[in-house]
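Okay, thanks for making time, everyone.

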Amino acid sequence: MNSRKLLGLSNLLHDAIEKTSELVQGAQDSAARRTYAVLEQITPLAGAVHHVQQAVTAAVHSSIRATSGGLRTLEGVGIAALAPKSETSKASRGFDKAQAALNALYGDFLHRRESGLEIELGMYDRGEPLPLEREALLLARPQASGKICILVHGLGYTEWEWIPPGGGETFGEMLARDLGYTSYTVRYNSGLHISENGRALAKLIERLLREHPQPVTEIALIGHSMGGLVVRSAAHYGPAWSHLLKHVVCLGSPHLGAPLEKAVHLLASTLGAFETAGTKVPAQVLQGRSAGIKDLRYGYVVDDDWLGKDPDELLKNHAREIPLVESAAYCFVAACLTRDTAHPLGQILGDALVRVPSASGRSKSRHISFHFGRVLGGLGHLDLQYHPQVYEVLRGWLAGTM
């Protein structure tokens, strides 16, 4: 593990200690207020005792946080001194997954802290970053063509997830073999706003085009789950290359929102409405989930003008969907756990994480004008990243035969 990631782990531990101290102090103060409010009805001394108790509690927790801050500084100096300056050891797949999950939950926090644990958006090949320099691309893609496809993972995943569980070819590798595409896979911090990642991806693609070994004549963007929302956003923010964009494919993407995030939002709001330590602390923990997760409440892929606004306000004011790129065919794949896509249980569960109306972008209040779409039965959410049935549909669209 390199020094930046080691320092990130150290800082994260101290952030957790300090945040826990704040939560505990808040819970203690909340409980004390209710207790002393009752006692003040009995004796006027209760108020004075309450002030003393607050001062003692504040002093204890300030001491905990100060100690943690001091240790953080000492550890930072030690890590910088001991770790090799040019360490390039390959991160394990297990660490990649853990880091991706952490970014999904708290990626915006890691970004604000400039943490070494934040994933920097870039092209990756099975755990290894791919520099966007002509020489590196020539070495990595010696048979590069003018047709490129870019695959973007979902919330909490990495480029590893495109590989079938038992091993084998990825969609990108098969598209290279069957249709002559040069494929690239992206890794990114999925805890950031979807529009932030979309804008960053658009700039990354612009850099790729400048350094690509062959002049690019055609681009296909393929996104799984949240990745589908990110590629829609990138297409919107990429006017410098949008004329080359021919396909935008979304696999199990929650265009109208994900039920799980809606449930978490409701739970956090309900718990936060009660003035008890047993509800306030869990509510604050839930509210601390990342901006990327919160974006999945309604699945909005909006302009930056809307960042920071409550999704309810967006819905109420009928915030417009971003326009589709005219040169591209927009496609969706939705899935049901039941083989019969019309089965009531399949309609309710969808692929276990995203229901068909959301994956297809169609409801009574919202409609995304996809040009092509398929609903596949007997598949779960993760299957959409590597299942042969999905690939046959994908290949047909990119080949222009479907």
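So, strand S4 is covered on both faces: Thr 182, Tyr 184 and Val 186 on one side, and Ser 183, Thr 185 and Arg 187 on the other, are all buried. That's six of six residues in S4, which runs over residues 182-187. By buried I mean under 20% relative accessible area, with exposed over 50% and partly exposed in between, using a 1.4 Å probe and protein chains only. Strands here are DSSP runs of E, at least two residues long, and helices are runs of H or I, at least four long, both numbered from the N terminus.

Quick housekeeping before I go on. This is a predicted model, so local features need pLDDT of at least 70 and side-chain atom pairs count only at pLDDT 80 or more, while totals for chains, interfaces and linings use all residues. Residues are numbered from 1 along each chain as its sequence is written, and side-chain values use heavy atoms, with hydrogens and water left out.

Back to S4 and its neighbours. Two strands pair if DSSP finds at least two bridges between them. In general, strands of a sheet pair through backbone hydrogen bonds, either parallel or antiparallel. S4 has one of each: strand S1, residues 122-125, pairs with S4 in the antiparallel sense over three bridges, and strand S3, residues 147-152, pairs with S4 in the parallel sense over five bridges. To pick out residues, Met 123 stands opposite Val 186 in S4, and Cys 149 stands opposite Ser 183 in S4.

Zooming out, what order do the eight strands take in the sheet? It goes S2-S1-S4-S3-S5-S6-S7-S8, as an open sheet with mixed pairing. The edge strands are S2 and strand S8, residues 372-377, each pairing on one side only. At the S2 end, S1 and S2 pair in the antiparallel sense over two bridges, and there Asp 125 stands opposite Glu 128 in S2.

For context, most residues other than glycine have a negative phi. Glu 114, in the loop between helix H3 (93-112) and S1, has a positive phi near 50°. Glu 114 counts as exposed, at 67% relative accessibility. Then Arg 126, in the loop between S1 and strand S2 (128-129), has a positive phi of about 45°. Arg 126 is partly exposed, at 37%.

How many aromatic pairs does the structure hold? Three. Rings of Phe, Tyr and Trp (its six-membered ring) pair if their centres lie within 6.5 Å; planes under 30 degrees apart count as stacked, over 60 as edge-to-face and the rest as tilted. Trp 162 and Phe 171 are a tilted pair, 6.3 Å centre to centre with 55° between the planes. Trp 162 is buried at 1%, and Phe 171 is buried at 0%. Along with Tyr 391, Trp 162 and Phe 171 form one aromatic cluster.

What about disulfides, how many are there? The count is zero, taking a disulfide as a pair of cysteine sulfur atoms within 2.5 Å. Among the cysteines, Cys 149 is buried at 0%, and Cys 336 is buried at 0% as well.

Arg 289 is in the loop between helix H9 (277-287) and helix H10 (291-295), and it counts as buried at 9%.

Last, some overall numbers. The protein has 14 helices and eight strands, and buried residues make up 48% of its 402 residues. Of the contacts (heavy atoms within 4.5 Å) with a separation of 6 or more, 78% are between residues 24 or more positions apart. The accessible surface, by the Shrake-Rupley method with a 1.4 Å probe and, for residues, only the protein chains shown as cover, is about 19,000 Å², and 60% of that belongs to carbon and sulfur atoms.
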